[in-house]
Amino acid sequence: MSADGVVAREPAESVTLTDIHPHIQQMAFEDLLEDPVIQKYLHELVGPTGMPVAAAPPDGEVTDEELAEEMGLELNDVRRALFILYENDLASYRRVRDEDSGWLTYLWTFHYENIPENLEEEMHRLLDGLEQRRSYESDHQFYLCEVDSIRFEFEEAMEFGFECPECGSPLESMENSRLVEAMEWRIDQLRDELNVDREAEAEA
Amino acid sequence: MSASDAEASLAEDELAGLELVRETGGIHQSDFWKELDVSSRKGSRIAEKLEDLGLIEREDAVYNGHNTYFLAPTAKDLDFALLMAGDMLSPFIGEEEIDPNSDAFTQWLMNLAYEEY
C-alpha cells in the first residue's frame, strides 16, 4: 500500500493460468455456467457421468483423449458426453489424420454460445405443452381414488361404476382448478417473456 | 469479450438504451430514441453499437407505416428459471416430442401448482 492509502495495482502483464500451467485448460463461458438452470440443463443432457466434461468446457480445441486424461475419466464417457453436446449444437469437431500412425484424431470445440437459443426454444416448447395440457384439464372432469392416488377421466370413472378398479374404494370428484390456475400463471409469464403476441396468434 | 465486459464498456446513454430494451422486452427504434430523450440520429447510433456488441437484436420492421427497426433483447437475457417448477426442469428437454399428458409433465405441474404458485 502506498503512503496516500491507495492500493498499488498489480503490473498489467497478461499472464494467464495456461502460461503458468500449460496443462491446465482455461475454462470458457463462465458467465453462462454460473446460472443454476444452465447447469441443470447440461446435467439433463449428458447425465452425471458426462457432467465433468460438460461443466468445464475448455477454451479452444481439445481432443477426447486429453479431456479423459485431465479429468481422470473413461474415454467412452467423455466421447458419449461430447456426442450428446454435438447433437445439441453445443460442440463441434474436426477430424485430423495423424501422419505417422494414420489414425484419426477428433479436435473438439465447445459452442456454449448456443445455450441461450436452445433454452429459448425449450421455453417455446414448454409453452406449447402447457397450452395443450390446459385445454385438456379444462375440458375434462376428473375422479380420484384417494387410496391409490390414481386419477380417472369422467368416462373412465363411469365405466368402473365410480369404484377404483385396483382397490374398490369409491372415486371422488376431483377439483383441478389450482392446477389450471398455476398453468395459466406460467403461460402468462412465458408469453410475456417470449413476446408471444396473444392476438397475433389468434388471428393466424 | 464476454457479455459482461461488453456491458461494462458502455457509456451512460448506451447503458440506458440497453436497460430500456430489456425492460420493455422489445421496442421499435422510433419509440426508443423518444423514450431515451435523444435525437433520432443519436438513438440510431446507440442501437447500432448495442447490436454490434451482441447485447440486443435488431430486425427490420414497419411501424405506423414507417420503416424502422425492432430492438429486442438477446436470448441470454431471458429468464430461464421459467423452465423450472420447484427444482424440476422442463421434462420436454432432451425429448423429441412434446407429450403434454406424460407422467413427467404431470409431476412438473404438481410442483408448479403446489410449490411455486
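This is a predicted model: local features need pLDDT of at least 70, side-chain atom pairs count only at pLDDT 80 or more; totals for chains, interfaces and linings use all residues.
In what sense do strand β2 (residues 91-97) of chain A and strand β3 (residues 104-110) of chain A pair, and over how many bridges?

**View 1. The hairpin of β2 and β3 in chain A.** Strand β2 (residues 91-97) and strand β3 (residues 104-110) of chain A are antiparallel to one another and are joined over seven bridges.

**View 2. The packing of α4 against α5 in chain A.** Two packed helices are described by the angle between their axes and the distance between the axes. For helix α4 (residues 64-71) and helix α5 (residues 75-87) of chain A, the angle is about 120° and the axes are 9 Å apart. The two helices α4(A) and α5(A) are therefore oblique to each other, and their crossing is right-handed. From α4(A), the residues D64(A), E65(A), L67(A) and A68(A) meet L75(A), V78(A), R79(A) and L82(A) of α5(A). Sorted by class, the residues of this contact comprise five nonpolar, no polar and three charged.

**View 3. A second open sheet of chain A, with the order β5-β4-β6.** This sheet has three strands, and the pairing within the sheet is antiparallel. Strands β5 (150-153) and β6 (172-174) of chain A stand at the edges, each with a single partner strand, so that one side of each is left without a neighbour in the sheet. From one strand to the next, the twist averages 40°. Strand β4 (residues 142-145) of chain A is joined to β6(A) by three bridges, and the two run antiparallel; at one position along them, L144(A) stands opposite E172(A) in β6(A).

**View 4. The side of chain A that touches chain B.** Across the interface, 32 residues of chain A are in contact with 28 residues of chain B. On the side of chain A, the helices α3 (36-55), α6 (115-139) and α8 (177-194) each supply at least two residues, and the largest share, 13 residues, comes from α6(A). By class, this side of chain A holds 14 nonpolar, four polar and 14 charged residues.

**View 5. The packing of α2 against α3 in chain B.** Helix α2 (residues 12-24) and helix α3 (residues 29-36) of chain B pack at an angle of about 125°, and their axes are 10 Å apart. That angle makes α2(B) oblique to α3(B), and the crossing of the two helices is right-handed. The contact is made by D13(B), A16(B), G17(B) and L20(B) of α2(B), together with F32(B), E35(B) and L36(B) of α3(B). By class, the contact has four nonpolar, one polar and two charged residues.

**View 6. Strand β3 of chain B with its partners β1 and β2.** Strand β1 (residues 27-28) of chain B pairs with strand β3 (residues 66-73) of chain B in the antiparallel sense over two bridges, and the bridge partner of I27(B) in β3(B) is L71(B). Strand β2 (residues 56-63) of chain B is joined to β3(B) by eight bridges, and these strands also run antiparallel; here E57(B) stands opposite A72(B) in β3(B). Strands β2(B) and β3(B) form a hairpin with two residues between them, and N64(B) in the turn has a positive phi of about 50°.

Conventions
Residues are numbered from 1 along each chain as its sequence is written. Chains are lettered from A and ligands numbered from 1 in the order in which they are written. Two residues are in contact if their C-beta atoms, placed from the backbone, lie within 7 Å. Helices (H or I, at least four residues) and strands (E, at least two) are DSSP runs, numbered from the N terminus. Ala, Val, Leu, Ile, Met, Phe, Trp, Tyr, Cys and Pro count as nonpolar, Asp, Glu, Lys and Arg as charged, and the others, Gly among them, as polar. Two strands pair if DSSP finds at least two bridges between them. Axes are lines fitted to C-alpha atoms, for helices over the stretch in contact, and angles run from 0 to 180 degrees between N-to-C directions. Angles under 35 degrees count as roughly parallel, over 145 as roughly antiparallel, 65 to 115 as roughly perpendicular and the rest as oblique. A crossing is left-handed if the near helix is turned anticlockwise from the far one by less than a right angle, and right-handed if clockwise.
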